Amino acid sequence: MTATAHRLAIRALLEGPVTSEAIGAFLGGREFPLVEGASVTFVWRGEADAVRLRHFIYGLPASQAFARVPGTDLWHLTLELPERSRVEYKLEVEQHGEARWIQDPLNPQHARDPFGSNSVVHAHGYEVPEWTRFDPESRAGTIEDHALDSKALARRARVGVYLPARFRPTRRYPLLIVHDGGDYVQYSGLKTVLDNLIHRVEVSDLIVCLTYPGDRLVEYADHEQHARFLTEELVPWLSAKWPLQDRPAARCLMGASFGAVASLAAASRYPGFYGRLLLQSGSFAFSDIGPNARGPAFANIVEFVNAFRDRPAKVSERVFVSCGTYESLIYENRSLVPLLQSTGMDVRYVEARDGHNWENWRDRSRAGLTWLFPGPIGMIYE
Amino acid sequence: MSSRALAFLGPQRFQPTLARAVAALGIEGDLATVTAGWQERELEVEELHEHLGGRAVNLELHRRAELVFQADPELAAAHHRRQELFREMQEIYVLRLDAMLAACVTLDARPGHAQLLEQERAAAMDAVRALDLAHAARIAEVHDEFDARWHPLDRPALALQRNEIARLLDGVTAVAIAGGHVAALINRLRMFDVLGLAGERPVLAWSGGAMACAARIVLFHDHPPFGSGNAQVLDHGLGLEESLVFLPHARRRLDLSDSTRTGRLARRFRGSTLAVLEDGAILTWQRGLGWNADDGCLALGEDGALTPMRITIGAVS
């Protein structure tokens, strides 16, 4: 169905007398935002001076005004969203000269992140992947909490260690180190994803180390001490406690945003040590000329990425890169891919119509993990 | 078909039916269990053996194979080379298979002259069947060449373990074969010629174990993270049953909403019954009684739908 093939419900409402009963009938029995083909209609009801959509789609004006249905308290806005889009947003409601950002009260879909939560609209064709949901058939792994003293970071470093279901100390496992590991578990459902993908044999049995940063804007921005912590302290500490395979192809660094930078930067400081990288929406800012426009937090990153662009090196074997097309970082990530490929690294790149958020990273995790650590899916029939 | 009694079962994790099948076949005495498909978890058989009331002894084929490889490095190296060859053969076969099945898919969807298309579709599917047969034949040749060159059953390290297995089998009345990694399982069963040692003892098998007992092992998964997801012939099985191809966990692994695709799979293996055994299902064969399929035994038809096997079982027996 396309938007033009059928009259939109909001148009039908506006063409008749917009009585209180008509508004009630329009709102009743429908889910909002109302997705009709490519058209998505947002609605807010209440007294206000103005209502605006505040979304996180890079490329569209960040603020889109709702129209008020004359003589009523109904506000509406219709946007065209490409198929399979997933968009996080808030409503900005202005009352008595004061603007508040709120979640859409008519929309039960929310996504959480470390800063709170947003409303979410699923455009036509988007579905929450089935493998991200709890599956009672999947055998559950466990997460143990640990800490180690890091000389490199001059602090006690908290880590979580995920052991797959049916973990056996006599077997050796690949290692995945996840930057912002706690957030990945909390906001991207990483444990459920691992349980499901390992149970379904799409991903091989793994030991996963969840790291927690100190000041992530410092530690993740090409920080020598962070790379040293990972490589000279954390991996040996993990190897002493758990049975890990001692080969680059069985060691992966994963991260999103600054965490992706930290992964590539650490691999660059220890070339060949990490044979697998999983980089999601990396903040790979660079400048072709002059200073970067992203602010001082990016200064180290720009220096690192500029240097990498000047002298790209084969720092790993296999690299998975993903980015949302609605992110401001899409340009940087698209630019990085041919650069990585030019070094001879095996690179897989995936885009999706989503933004810089944890559920985007959740939805792309299957593509990354199954490619970096494929399980014997065709062979196992239990 | 051998005269031994057989039972093929649905997945056992949530609805174990092995004990019921043992009773249905009138088996008394202890069972030998084969859990080599579980690989390094082979010995975690407490639950399975408890289900059998403790009347079980594990043949430990996975562990025994490791002992053989440690004691006979020459055989281990030859085995490793052969497995590498199999891997490469499988990759090349899948390359050709994907291209041939892509032609089938295109022709199935193409409008045009009905009679002409029907002939071309049949020819395209015949080419796929010929490739499947050629691949299986080449695999069999490699097995034969390996056996002729290395005489594995005669080598002392393997013979030692085989004697142990024979001794254990002397004390049991039937063999139960669990699923797991089907390539590892068929490899170990074949390596020790377990069925040769088991004589006419009944065999009960499920999931990958059932696949290994059939004449052909067909790997399948319609939703792999990467790749075409086309079903592929892996190897010959033990051939306890000639006309069945087992598709365990079909509801999870097959896209049953796409009847064109599932129907194409059934047409490809025309002449065999594609058997789907649901949780709790029991399919038995006994000399003089023939086949008995309960309601959980289904067959995938050329229309892409699952139907009760008792309708199609005549073709099997």
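When I say two residues are in contact, I mean that their C-beta atoms, placed from the backbone, lie within 7 Å. Keep in mind that this is a predicted model.

Leaving aside neighbours within four places in sequence, Ala212(B) is in contact with Ile177(B), Val182(B), Leu185(B), Ile186(B), Leu189(B), Ile217(B), Gly237(B) and Leu238(B). Ala212(B) also belongs to the largest nonpolar core, which has 82 residues. The members that touch the most others there are Ala212(B) itself, Phe8(B), Leu9(B), Val34(B), Leu204(B), Leu247(B) and Ala275(B). The biggest contribution to this core, seven residues, comes from helix H7 of chain B, residues 182-191. Another core lies apart from it, with 69 residues, including Tyr162(A), Ala267(A), Leu279(A) and Val347(A).

Now the sheet in chain A. It is open, has eight strands with mixed pairing, and its order is E11-E12-E14-E13-E15-E16-E17-E18. Strands E11 (142-150) and E18 (346-352) of chain A are at the edges with a single partner strand each, so one side of each has no neighbour in the sheet. On average, neighbouring strands are turned by 20° against each other, direction ignored.

Within the sheet, E12 (155-163) and E14 (207-211) of chain A run antiparallel and are joined by four bridges. Gly160(A) has Leu210(A) as its bridge partner in E14(A). Helix H3 of chain A, residues 181-188, packs on the sheet and touches E12, E13 (175-178) and E14 of chain A, its direction making about 100° with that of E14(A).

Lastly, helix H10 of chain A, residues 358-372, lies across E15, E16, E17 and E18 of chain A, at about 160° to E17(A).

Conventions: Residues numbered from 1 in each chain as written. Chains lettered and ligands numbered in written order. Predicted model: local features only at pLDDT ≥ 70, side-chain atom pairs only at ≥ 80, totals over all residues. Core = buried A, V, L, I, M, F, W, Y, C linked by C-beta atoms within 7 Å. Buried ≥ 20, exposed ≤ 12 C-beta atoms within 10 Å, placed from the backbone. Helix = DSSP H or I, 4+ residues; strand = E, 2+ residues; numbered from the N terminus. Pairing = 2+ DSSP bridges. Axes fitted to C-alpha atoms, helices over the stretch in contact; angles between N-to-C directions.
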